[in-house]
Amino acid sequence: MLIDCDTCAVRGLTCHDCVVGVFLDTPGRAVDLDRTEQDAIGRLVAAGLVPPLRLVALPSPGSADRGIA
């Protein structure tokens with residue numbers, strides 16, 4: 001899973017309550033999580049120890065033309 005804060009539609013609005021901001025302290029860089037890391041973060045989120053991922057991906061250029069939202 002690639003998380004790229006530069007492509008997040010709510011960047012700046014929800015960074016303070018996003019798992020990326022909690023772990024990296026400063027959002028704004030791309031993070032690539034493997035399956036094991038995703039599972040570990042999912043367990044921390046489920047236990048209420050960290051906030052969930054708040055990423056809202058912006059549509060890629062031209063996606064509206066292809067009917068992709």
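**Entry 1: burial and layout**

I took buried to mean under 20% relative accessible area, exposed to mean over 50%, and partly exposed to mean in between. The model I was reading is a predicted one. With that cut-off, I looked up the protein chain of 69 residues and found that buried residues make up 19% of it.

Next I looked up the elements. The protein chain has 2 helices and 2 strands. Read from the N terminus, their order is β-α-β-α.

**Entry 2: the loop between β1 and α1**

I went to the loop between β1 (2-4) and α1 (19-24), where Ala-9 is found. I noted that Asp-17 lies in that loop too, and that Cys-18 has its place there.

Is Cys-18 buried or exposed? I read 10% relative accessibility for Cys-18, which is under 20%, so Cys-18 counts as buried. Asp-17 came out at 31%, and because that value falls between 20% and 50%, Asp-17 is partly exposed. Ala-9 has a relative accessible area of 44%, so I wrote it down as partly exposed as well.

- Cys-18 and Leu-53 are 35 residues apart in sequence, and I found 5.1 Å between them in space.
- Asp-17 and Pro-52 are 35 residues apart in sequence and 7.7 Å apart in space.
- Ala-9 and Ala-57 are separated by 48 residues in sequence and by 5.8 Å in space.

The last pair sent me to Ala-57, which lies in the segment after α2. Is Ala-57 buried or exposed? Its relative accessibility is 53%, which is over 50%, so Ala-57 counts as exposed. I also looked up Ala-57 with Asp-6: the two are 51 residues apart in sequence and 9.1 Å apart in space, C-alpha to C-alpha.

**Entry 3: the cavity**

I checked the search of the whole structure for cavities of 30 Å³ or more, and it finds 1. Which residues are the closest to the centre of the largest cavity? Of the 13 residues that line it, they are Cys-5, Cys-8, Cys-15, Cys-18 and Leu-55. The space in the largest cavity is about 100 Å³. I sorted its lining by class and got 9 nonpolar, 2 polar and 2 charged residues.

Cys-5 has 9% relative accessibility, so it counts as buried. Cys-8 has a relative accessible area of 12%, and because this is under 20%, Cys-8 is buried.

With these cysteines on the page, I asked how many disulfides there are. A pair of cysteine sulfur atoms has to be within 2.5 Å to be called a disulfide. By that rule the count is 0.

**Entry 4: helix α2**

Helix α2 covers residues 35-46, which is 12 residues.

I looked at both ends of α2. At its start, a side-chain oxygen of Asp-34 comes to within 3.1 Å of the backbone nitrogen of Thr-36. After α2 comes Gly-48, and its phi is positive, near 80°.

Definitions and conventions: Residues numbered from 1 in each chain as written. Predicted model: local features only at pLDDT ≥ 70, side-chain atom pairs only at ≥ 80, totals over all residues. Heavy atoms only, no water. 1 Å grid on protein atoms, 1.4 Å probe; cavity = no way out; pocket = protein on both sides within 12 Å on 5 of 7 lines; lining within 4 Å. Points joined across faces, edges and corners; volume = space filled by probe spheres on them. Nonpolar A, V, L, I, M, F, W, Y, C, P; charged D, E, K, R; others polar. Buried < 20%, exposed > 50% of the residue type's maximum accessible area, 1.4 Å probe, protein only. Helix = DSSP H or I, 4+ residues; strand = E, 2+ residues; numbered from the N terminus. Expected span 1.5 Å × (residues − 1). Polar contact = N/O pair within 3.5 Å; in protein donor to acceptor, adjacent residues only side chain to side chain.
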